[in-house]
Amino acid sequence: MSEEDKTTPQEGEKVEKASTPEEESTATFEPVVRLEEVETKSGEEDEEILHGMRCKLFVYGETLLDKGTGKKSWRERGIGEIRLLKHREHQRIRVLMRQEKNYEDIVNHVLDPRIKLEANAGSDRSWVWSAFDFAEGELTETVFAARFADSDIAGTFKAKFEECQKDMEKLLAGEDSATGGEEADEAAAALEKLKTTDDE
């Protein structure tokens, strides 16, 4: 018999399969470092969203290559949802926009009543404005342009932006709001009852 005959089964012979079942691993691995779950805060917990729209944001300024030359141009800062946020405690409104992919702040400024939204040259779906921005960690005057999907969305954003500016103007002028007056009256009454001297 040749070697081939020994390894290949002949007709009529049954091939016996290896009857060794696969064993499941029962090894357990403990992590080297245990990480506790950490609650992350976005800084928006005390604010309510008054309005939000998706747009592409541009800034007007010098690029790194043109630094110091005075040559300025429009450059894209990011895509995301631009939101108008109102603080629940002190009622101030700010404009905030985060980059879609990494949630980095690309616009973060107070909604100043003096800001003027102007139509971008040649586009009915884009607005340009200037504000003191704090998105990069320091207060810098920046010129922004926000481009929306269509002119209707851009018009809605402008209307809400201007409405919030009027609210901020009233707040900064010291006008009382319609809500929360009862609490202020109670606090004033309590302050009147306080005495600064001891009458003995």
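**Aromatic pairs, salt bridges and surface of the chain**

Five aromatic pairs are present in the structure, which is a predicted model. Tyr60 belongs to strand S1 and Trp74 to strand S2 (residues 73-87), so the pair ties together parts that are 14 residues apart in sequence. Tyr60 is partly exposed, with a relative accessibility of 37%, and Trp74 is partly exposed with a value of 39%.

A further pair joins Trp129 and Phe144. Here the ring centres are 5.5 Å apart and the planes stand at 35°, so this pair is tilted. Trp129 sits in strand S6 and Phe144 in strand S7 (residues 140-147), so the contact ties together parts that are 15 residues apart in sequence. Both Trp129 and Phe144 are buried.

Of the 200 residues in the chain, 25% are buried. The accessible surface of the chain amounts to about 15900 Å², and carbon and sulfur atoms contribute 48% of that area. Among contacts with a separation of 6 or more, 51% are made by residues 24 or more positions apart.

Side chains of opposite charge can pair when their charged atoms come close. A search of the whole structure gives twelve salt bridges. One of them is formed by the side chains of Glu44 and Arg98, with an N to O distance of 2.8 Å. Glu44 lies in the loop between H1 and S1, whereas Arg98 lies in strand S3 (residues 93-99), so the bridge ties together parts that are 54 residues apart in sequence. How accessible are these two partners, buried or exposed? Glu44 has a relative accessibility of 15% and therefore counts as buried. Arg98 is buried too, with a relative accessible area of 15%.

Another salt bridge connects Glu136 with Arg77, and its closest N and O atoms are 3.1 Å apart. Glu136 is in the loop between S6 and S7 and Arg77 is in strand S2, so this pair ties together parts that are 59 residues apart in sequence. The surroundings of the two partners can be compared through their accessibility. Glu136 counts as exposed at 61% relative accessibility, while Arg77 is buried with a relative accessible area of 18%.

The side chains of Lys160 and Glu163 meet at 3.3 Å, N to O. These two residues both lie in helix H2 (residues 151-173) and are three residues apart, about one turn of the helix. Glu163 is partly exposed, with a relative accessible area of 41%. Elsewhere, salt bridges that share partners join Glu44, Arg83, Arg98 and Asp105 into one network.

Strand S6 (residues 126-133) also holds Ser126. Ser126 counts as buried, because its relative accessibility is 3% and the cut-off for buried is under 20%. The side chain of Ser126 reaches the backbone oxygen of Ala146 at a distance of 3.3 Å. What does Ser126 touch, leaving aside its neighbours within four places in sequence? The contacts of Ser126 are with Glu118, Ala119, Asn120, Ala145, Ala146 and Arg147.

The last stop is at the surface. Val32, Val33 and Leu35 make a nonpolar surface patch of about 400 Å². Leu35 is found in the loop between helix H1 (3-7) and strand S1 (47-61). With a relative accessible area of 78%, Leu35 is exposed.

Technical notes. Residues are numbered from 1 along each chain as its sequence is written. This is a predicted model: local features need pLDDT of at least 70, side-chain atom pairs count only at pLDDT 80 or more; totals for chains, interfaces and linings use all residues. Side-chain values use heavy atoms; hydrogens and water are left out. Patches are made of residues with over 30% relative accessible area and no salt bridge: like charges are joined within 9 Å, nonpolar side chains (Val, Leu, Ile, Met, Phe, Trp, Tyr) within 5 Å. Accessible areas come from the Shrake-Rupley method with a 1.4 Å probe; for residues, only the protein chains shown count as cover. A salt bridge is a side-chain nitrogen of Lys or Arg within 4 Å of a carboxyl oxygen of Asp or Glu. Helices (H or I, at least four residues) and strands (E, at least two) are DSSP runs, numbered from the N terminus. Buried means under 20% relative accessible area, exposed over 50%, partly exposed in between (1.4 Å probe, protein chains only). Contact means heavy atoms within 4.5 Å. A polar contact is a pair of N or O atoms within 3.5 Å; within protein, one must be able to donate a hydrogen and the other to accept it, and residues adjacent in sequence count only if both atoms are side-chain atoms. Rings of Phe, Tyr and Trp (its six-membered ring) pair if their centres lie within 6.5 Å; planes under 30 degrees apart count as stacked, over 60 as edge-to-face and the rest as tilted.
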